[in-house]
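Here is my note on the model you sent. Please read the points with the structure open beside you.

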Amino acid sequence: MDLSITDVRLTPVLVADPPLLNTQGVHQPYTPRLIVEVVTGDGVVGVGETYGDTKYLELARPFAAKLVGRQVSDLNGLFTVADEVAVDQSRVSGQVDVGGLRGVQSADKLRLSVVSGFEVACLDALGKAVGLPVHALLGGKVRDAVEYSAYLFYRWADHPEGVACEKDDWGAAVDPAGVVAQARVFKERYGFTSFKLKGGVFPPEEEIAAVRALAEAFPGHPLRLDPNGAWSVATSLRVAEEVGDVLEYLEDPTLGTSAMAEVAAGLKGAARSASGKGGGGRRAGVPLATNMCVTTFGEIKEAFAKDAVQVVLSDHHYWGGLRNTQQLAAICRTFGVGVSMHSNTHLGISLAAMTHVASTVPNLHHACDSHYPWQSEDVLTERLTFEGGKVAVGDTPGLGVELDRDKLRFLHQRWLDDDGALRERDDAAAMRIADPGWVTPAVPRW
């Protein structure tokens, strides 16, 4: 068995994305992703996926060159190789980060985002070579299916007039009725039983109304609200008071660990006050979740010491892969912090990787996020499917997915034909097509 890496293929693609709104702006009609293929001496091909913006490509190319001759089983060595690749500092300061949010992104974060795609590809190749599914390489699954949450967005029916794009049949959702209608479609098509709304788009009162409408339409279903840090501490506490009784958790209501800690302390104080008055309301006890203030191991200590978050939303893309995701989950379990998974725009390779690692995490008590239903295009021969809001954990060697070469070629050609305007994710630039005066809002926005 020859497990040496003889070739690494990198294929950037542009994938259709609907006009989903967030506090930064709106998704562009196409989003960049990077498909990674690792080939062994026996001709086994493993696949991975990560962010495809230019700053990732610039790092991925020299990284790929350094992997030739190494073993696909040398997963720890991936991090050593990454440290050897220089990062252009202009790419990591004041730029849009891996979640599409503006801020300072360290060189280490950028490296981890690149490593993640290669680690998944190596695990896929290794699994295929030895005849084991990726979850077995990670220690074995503890569940046969992984639950996902419907990811609701405020959105326009179409991208701005004159913008080349793919059409979909979702329609607009810019008010509570539209959000509820969208949620019904998610439930009918995919069987989702929990719902997350991306907020920070409209004034808090309007988003409170949307959450209340969801609670009325889907009684007893877990709900989440994520304004991407758009609110002040005071606004966060006010929203928690209004809808905390129906929320499973409130995600990143305000920006940064210190502000999140203030909100958490305020909620605790309100809970004590309510308890002393004989009140049994749940709102003050609503947990705070994050994928923004805890995105590296170095950020864990402060956040946990201050009790700023009660649920960490992992993301193997920027934690450095599937094994680091397991390490994060173990740390969360040690400190009694919940864990689930964050999602950004992704294809089926990433969904397969998420499902494999999620199946191995014992303390995964919340449904994971996934953008996958929003993506009408993929690079796989068969799309992954949701049954009852869950994705089954396969036992096929590797990830259990296969590249469709024609689809990959088509999406890569779109990337080649682009003049460069869409090779970088920029929600603010997309918004300026509809609103030329749009400026990325300062936070807190409300």
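1. The core. The largest nonpolar core has 136 residues. A nonpolar core here is a set of buried Ala, Val, Leu, Ile, Met, Phe, Trp, Tyr and Cys residues joined through side-chain atoms within 4.5 Å. Buried means under 20% relative accessible area, exposed over 50%, and partly exposed in between, with a 1.4 Å probe and protein chains only. The residues with the most contacts inside this core are F63, F118, Y148, L152, V309, V379 and L399. Helix 3 gives the core its largest share, eleven residues. Helices (H or I, at least four residues) and strands (E, at least two) are DSSP runs, numbered from the N terminus.

2. Basis of the values. This is a predicted model: local features need pLDDT of at least 70, side-chain atom pairs count only at pLDDT 80 or more, and totals for chains, interfaces and linings use all residues. Residues are numbered from 1 along each chain as its sequence is written, and side-chain values use heavy atoms, with hydrogens and water left out.

3. Y148 and its neighbours. Which residues does Y148 touch, not counting residues up to four places away in sequence? Among them are F192, S194, L351, M354 and T355. The list also includes A367, C368, D369, S370, F386, G389 and V391. Contact means heavy atoms within 4.5 Å.

4. T11. This residue lies in strand 1, residues 5-16. T11 is buried, because its relative accessible area is 11%. Not counting residues up to four places away in sequence, T11 touches R33, L34, I35, E37, L408 and H412.

5. Cysteines. How many disulfides does the count give? The count comes to zero. In general, a disulfide is a covalent bond between the sulfur atoms of two cysteines. The rule used here asks for a pair of cysteine sulfur atoms within 2.5 Å. C332 is in no disulfide, and its nearest cysteine sulfur, that of C293, is 12 Å away. C332 has 0% relative accessibility, so it counts as buried. C122 has 1%, so it too counts as buried.

6. Salt bridges. The count comes to 29 salt bridges. Each is a side-chain nitrogen of Lys or Arg within 4 Å of a carboxyl oxygen of Asp or Glu. D406 and R409 form one, at 2.8 Å, N to O. Both lie in helix 13, residues 405-417, three residues apart, about one turn of the helix. D406 counts as exposed because its relative accessibility is 53%. Elsewhere, salt bridges that share partners join K196, K198, R224, D226, E248, E251 and D369 into one network.

7. Two further pairs. D74 and R70 meet in a salt bridge at 2.9 Å, N to O. D74 is partly exposed, with a relative accessible area of 31%. R70 is partly exposed as well, at 28%. The side chains of D168 and R155 meet at 3.0 Å, N to O. D168 and R155 are 13 residues apart, each in the loop between strand 8 (145-153) and helix 5 (176-190). R155 is buried, because its relative accessibility is 0%.

8. Backbone points to check by eye. N228 has a positive phi of about 55 degrees although it is not a glycine. N228 is in the loop between strand 10 (223-226) and helix 7 (233-243). At 10% relative accessibility, N228 counts as buried. D252 also has a positive phi, about 40 degrees, and is not a glycine. Its place is the loop between strand 11 (247-251) and helix 8 (257-276). D252 is buried, with a relative accessible area of 1%. The peptide bond from V443 to P444 is cis, with omega near 0 degrees. P444 sits in the segment after helix 14 (427-434).

9. Surface. M1, V130 and L132 make a nonpolar surface patch of about 300 Å². Patches are made of residues with over 30% relative accessible area and no salt bridge: like charges are joined within 9 Å, nonpolar side chains (Val, Leu, Ile, Met, Phe, Trp, Tyr) within 5 Å. Accessible areas come from the Shrake-Rupley method with a 1.4 Å probe; for residues, only the protein chains shown count as cover. L132 lies in the loop between helix 3 (107-130) and helix 4 (134-137). L132 counts as partly exposed, because its relative accessibility is 38%.
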